[in-house]
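Trainee: I would like to learn how to read charges on a protein model. Could you take me through one?

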Amino acid sequence: MATSQKKTVGLQEVCENLVRFSLDQGDIQQITERMAEDTVIKPVTMEYEIRILRMVSVGWGIAYFLEGSPYKEPLATAFWETIREMSGNISQMSSAVAGEEIDYFAVIKDRIDLYVETVNAFPDAKDPGPVIGYTFAKLCGDAEDGYALIAGKRIFHLVLAAIKEYMESIEIVETT
(Lines give C-alpha, C1' and ligand atoms only; values in the text may rest on other atoms or scores of the structure.)
Protein backbone atom coordinates (compact mmCIF):
# COMPACT_ATOMS: atom_id res chain seq x y z
CA MET A 1 0.00 0.00 0.00
CA ALA A 2 1.42 3.36 -1.02
CA THR A 3 1.67 6.06 1.56
CA SER A 4 1.43 9.69 0.68
CA GLN A 5 3.68 12.03 2.51
CA LYS A 6 2.37 15.39 3.54
CA LYS A 7 4.31 18.46 2.59
CA THR A 8 5.59 20.48 5.54
CA VAL A 9 4.49 24.09 5.18
CA GLY A 10 5.09 27.04 7.48
CA LEU A 11 2.11 28.78 9.00
CA GLN A 12 2.85 32.04 7.15
CA GLU A 13 3.06 30.26 3.80
CA VAL A 14 -0.23 28.47 4.48
CA CYS A 15 -1.80 31.84 5.22
CA GLU A 16 -0.40 33.37 2.02
CA ASN A 17 -1.64 30.42 -0.03
CA LEU A 18 -5.13 30.67 1.47
CA VAL A 19 -5.31 34.42 0.94
CA ARG A 20 -4.18 34.00 -2.66
CA PHE A 21 -6.79 31.28 -3.16
CA SER A 22 -9.54 33.40 -1.60
CA LEU A 23 -8.73 36.19 -4.05
CA ASP A 24 -8.55 33.94 -7.12
CA GLN A 25 -10.84 35.27 -9.81
CA GLY A 26 -10.52 32.40 -12.27
CA ASP A 27 -14.12 31.24 -12.03
CA ILE A 28 -15.81 34.63 -11.70
CA GLN A 29 -15.98 35.46 -15.39
CA GLN A 30 -17.26 31.99 -16.27
CA ILE A 31 -20.03 32.28 -13.72
CA THR A 32 -21.14 35.79 -14.69
CA GLU A 33 -20.99 35.01 -18.42
CA ARG A 34 -23.50 32.18 -17.96
CA MET A 35 -26.11 34.31 -16.24
CA ALA A 36 -29.50 34.48 -17.93
CA GLU A 37 -29.97 37.61 -19.98
CA ASP A 38 -33.37 38.29 -18.43
CA THR A 39 -32.17 38.15 -14.81
CA VAL A 40 -32.55 41.19 -12.56
CA ILE A 41 -29.14 40.45 -11.10
CA LYS A 42 -26.36 42.61 -12.46
CA PRO A 43 -23.15 40.77 -13.36
CA VAL A 44 -21.07 43.30 -11.42
CA THR A 45 -23.17 42.60 -8.30
CA MET A 46 -22.71 38.86 -8.66
CA GLU A 47 -18.97 39.32 -9.22
CA TYR A 48 -18.74 41.46 -6.09
CA GLU A 49 -20.64 38.90 -4.01
CA ILE A 50 -18.57 35.99 -5.39
CA ARG A 51 -15.38 37.70 -4.24
CA ILE A 52 -16.77 38.13 -0.74
CA LEU A 53 -18.22 34.61 -0.59
CA ARG A 54 -14.84 33.15 -1.54
CA MET A 55 -13.14 34.96 1.34
CA VAL A 56 -15.90 34.00 3.78
CA SER A 57 -15.74 30.37 2.63
CA VAL A 58 -11.97 30.18 3.08
CA GLY A 59 -12.34 31.55 6.60
CA TRP A 60 -15.11 29.02 7.22
CA GLY A 61 -12.86 26.24 5.92
CA ILE A 62 -10.02 27.24 8.23
CA ALA A 63 -12.35 27.12 11.23
CA TYR A 64 -13.93 23.82 10.17
CA PHE A 65 -10.98 21.80 8.91
CA LEU A 66 -8.58 22.88 11.63
CA GLU A 67 -10.99 22.21 14.49
CA GLY A 68 -8.91 20.97 17.40
CA SER A 69 -5.63 21.99 15.78
CA PRO A 70 -3.25 24.30 17.63
CA TYR A 71 -2.87 26.17 14.31
CA LYS A 72 -6.55 27.02 13.92
CA GLU A 73 -6.49 30.32 15.83
CA PRO A 74 -3.10 31.59 14.60
CA LEU A 75 -3.98 30.77 11.00
CA ALA A 76 -7.46 32.28 11.22
CA THR A 77 -6.03 35.41 12.82
CA ALA A 78 -3.30 35.74 10.20
CA PHE A 79 -5.76 35.12 7.35
CA TRP A 80 -8.30 37.69 8.54
CA GLU A 81 -5.59 40.22 9.39
CA THR A 82 -4.23 39.92 5.85
CA ILE A 83 -7.73 40.29 4.41
CA ARG A 84 -8.29 43.34 6.67
CA GLU A 85 -5.07 44.97 5.42
CA MET A 86 -5.96 44.25 1.81
CA SER A 87 -9.46 45.59 2.42
CA GLY A 88 -7.99 48.83 3.73
CA ASN A 89 -6.26 49.37 0.40
CA ILE A 90 -9.47 48.61 -1.50
CA SER A 91 -11.41 50.96 0.80
CA GLN A 92 -8.96 53.81 0.16
CA MET A 93 -9.15 53.40 -3.62
CA SER A 94 -12.93 52.94 -3.63
CA SER A 95 -13.49 55.89 -1.31
CA ALA A 96 -11.40 58.12 -3.57
CA VAL A 97 -13.38 57.08 -6.65
CA ALA A 98 -16.80 57.19 -4.97
CA GLY A 99 -16.16 60.40 -3.08
CA GLU A 100 -17.47 58.86 0.14
CA GLU A 101 -16.08 56.67 2.91
CA ILE A 102 -16.21 52.95 2.10
CA ASP A 103 -15.11 50.28 4.59
CA TYR A 104 -14.69 47.09 2.57
CA PHE A 105 -13.68 45.01 5.60
CA ALA A 106 -16.87 46.06 7.39
CA VAL A 107 -18.80 44.75 4.37
CA ILE A 108 -16.94 41.43 4.60
CA LYS A 109 -17.65 41.20 8.34
CA ASP A 110 -21.33 41.95 7.71
CA ARG A 111 -21.45 39.16 5.14
CA ILE A 112 -19.83 36.72 7.56
CA ASP A 113 -22.40 37.62 10.19
CA LEU A 114 -25.26 37.28 7.71
CA TYR A 115 -24.12 33.89 6.39
CA VAL A 116 -23.55 32.53 9.91
CA GLU A 117 -26.88 33.90 11.14
CA THR A 118 -28.71 32.37 8.19
CA VAL A 119 -27.04 28.96 8.59
CA ASN A 120 -27.78 29.05 12.34
CA ALA A 121 -31.45 29.68 11.53
CA PHE A 122 -31.53 26.20 9.96
CA PRO A 123 -29.82 24.02 12.59
CA ASP A 124 -31.31 20.82 11.14
CA ALA A 125 -29.78 21.39 7.70
CA LYS A 126 -27.23 18.66 7.09
CA ASP A 127 -25.60 20.73 4.35
CA PRO A 128 -25.28 24.50 4.74
CA GLY A 129 -24.68 24.85 0.98
CA PRO A 130 -28.31 25.48 -0.02
CA VAL A 131 -28.70 28.04 2.78
CA ILE A 132 -25.51 29.75 1.63
CA GLY A 133 -26.78 29.63 -1.98
CA TYR A 134 -30.08 31.23 -1.01
CA THR A 135 -28.33 33.97 0.98
CA PHE A 136 -25.90 34.57 -1.89
CA ALA A 137 -28.77 34.89 -4.39
CA LYS A 138 -30.58 37.28 -2.06
CA LEU A 139 -27.43 39.42 -1.72
CA CYS A 140 -27.12 39.44 -5.50
CA GLY A 141 -30.62 40.88 -5.76
CA ASP A 142 -32.99 37.95 -6.34
CA ALA A 143 -33.37 35.19 -3.76
CA GLU A 144 -35.43 33.17 -6.24
CA ASP A 145 -32.91 33.24 -9.10
CA GLY A 146 -32.08 29.55 -9.61
CA TYR A 147 -28.76 30.24 -11.27
CA ALA A 148 -27.60 32.49 -8.41
CA LEU A 149 -28.81 29.94 -5.84
CA ILE A 150 -26.79 27.19 -7.49
CA ALA A 151 -23.78 29.46 -8.08
CA GLY A 152 -23.58 30.44 -4.40
CA LYS A 153 -23.95 26.86 -3.23
CA ARG A 154 -21.36 25.67 -5.73
CA ILE A 155 -18.81 28.35 -4.85
CA PHE A 156 -19.17 27.51 -1.16
CA HIS A 157 -18.80 23.77 -1.76
CA LEU A 158 -15.89 24.09 -4.20
CA VAL A 159 -13.95 26.41 -1.92
CA LEU A 160 -14.48 24.12 1.07
CA ALA A 161 -13.48 21.06 -0.96
CA ALA A 162 -10.29 22.81 -2.06
CA ILE A 163 -9.46 23.88 1.50
CA LYS A 164 -10.07 20.33 2.75
CA GLU A 165 -7.83 18.87 0.06
CA TYR A 166 -5.10 21.41 0.78
CA MET A 167 -5.23 20.88 4.54
CA GLU A 168 -5.07 17.11 4.08
CA SER A 169 -2.00 17.46 1.86
CA ILE A 170 0.10 19.51 4.26
CA GLU A 171 1.50 19.49 7.74
CA ILE A 172 1.58 22.97 9.21
CA VAL A 173 4.65 23.92 11.17
CA GLU A 174 5.46 26.96 13.27
CA THR A 175 7.71 29.44 11.47
CA THR A 176 9.89 32.08 13.00
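**Charges on the surface and in pairs**

Mentor: Start with a negative surface patch, formed by Glu101, Asp103, Asp110, Asp113 and Glu117. This is a predicted model, where local features need pLDDT of at least 70 and side-chain atom pairs count only at pLDDT 80 or more, while totals for chains, interfaces and linings use all residues. Residues are numbered from 1 along each chain as its sequence is written, and side-chain values use heavy atoms, leaving out hydrogens and water.

Trainee: What is a patch made of?

Mentor: Residues with over 30% relative accessible area and no salt bridge; like charges are joined within 9 Å. Asp and Glu count as negative.

Trainee: Where is Asp103 placed?

Mentor: Asp103 is in the loop between α4 (72–98) and α5 (104–120). Helices are DSSP runs of H or I, at least four residues, numbered from the N terminus.

Trainee: Is Asp103 buried, exposed or partly exposed?

Mentor: Buried means under 20% relative accessible area, exposed over 50%, and partly exposed in between (1.4 Å probe, protein chains only). Asp103 has 46%, so Asp103 is partly exposed.

Trainee: What is a salt bridge?

Mentor: Side chains of opposite charge can pair when their charged atoms come close. The rule asks for a side-chain nitrogen of Lys or Arg within 4 Å of a carboxyl oxygen of Asp or Glu. By this rule the count is five salt bridges.

Trainee: Which residue forms a salt bridge with Glu47?

Mentor: Arg51, with the closest N and O atoms 2.5 Å apart. Both lie in helix α3 (residues 43–65), and because they are four residues apart, about one helical turn separates them. Glu47 is partly exposed at 26%. Arg51 is partly exposed too, at 25%.

Trainee: How far apart are the closest N and O atoms of Glu67 and Lys72?

Mentor: They are 2.8 Å apart, in a salt bridge. Glu67 is exposed, at 59%, whereas Lys72 counts as buried, at 17%.

Trainee: Which side chain meets Lys164 in a salt bridge?

Mentor: Glu168, at 3.9 Å from N to O. Lys164 and Glu168 are both in helix α7 (residues 146–169), four residues apart, about one turn of the helix. Lys164 is partly exposed, with 38%.

Technical notes: Patch = residues over 30% accessible without salt bridge, like charges linked within 9 Å, V, L, I, M, F, W, Y side chains within 5 Å. Areas by Shrake-Rupley, 256 points an atom, 1.4 Å probe, with all protein chains shown as cover. Charge placed at Lys NZ, Arg CZ, Asp CG, Glu CD. Helix = DSSP H or I, 4+ residues; strand = E, 2+ residues; numbered from the N terminus.
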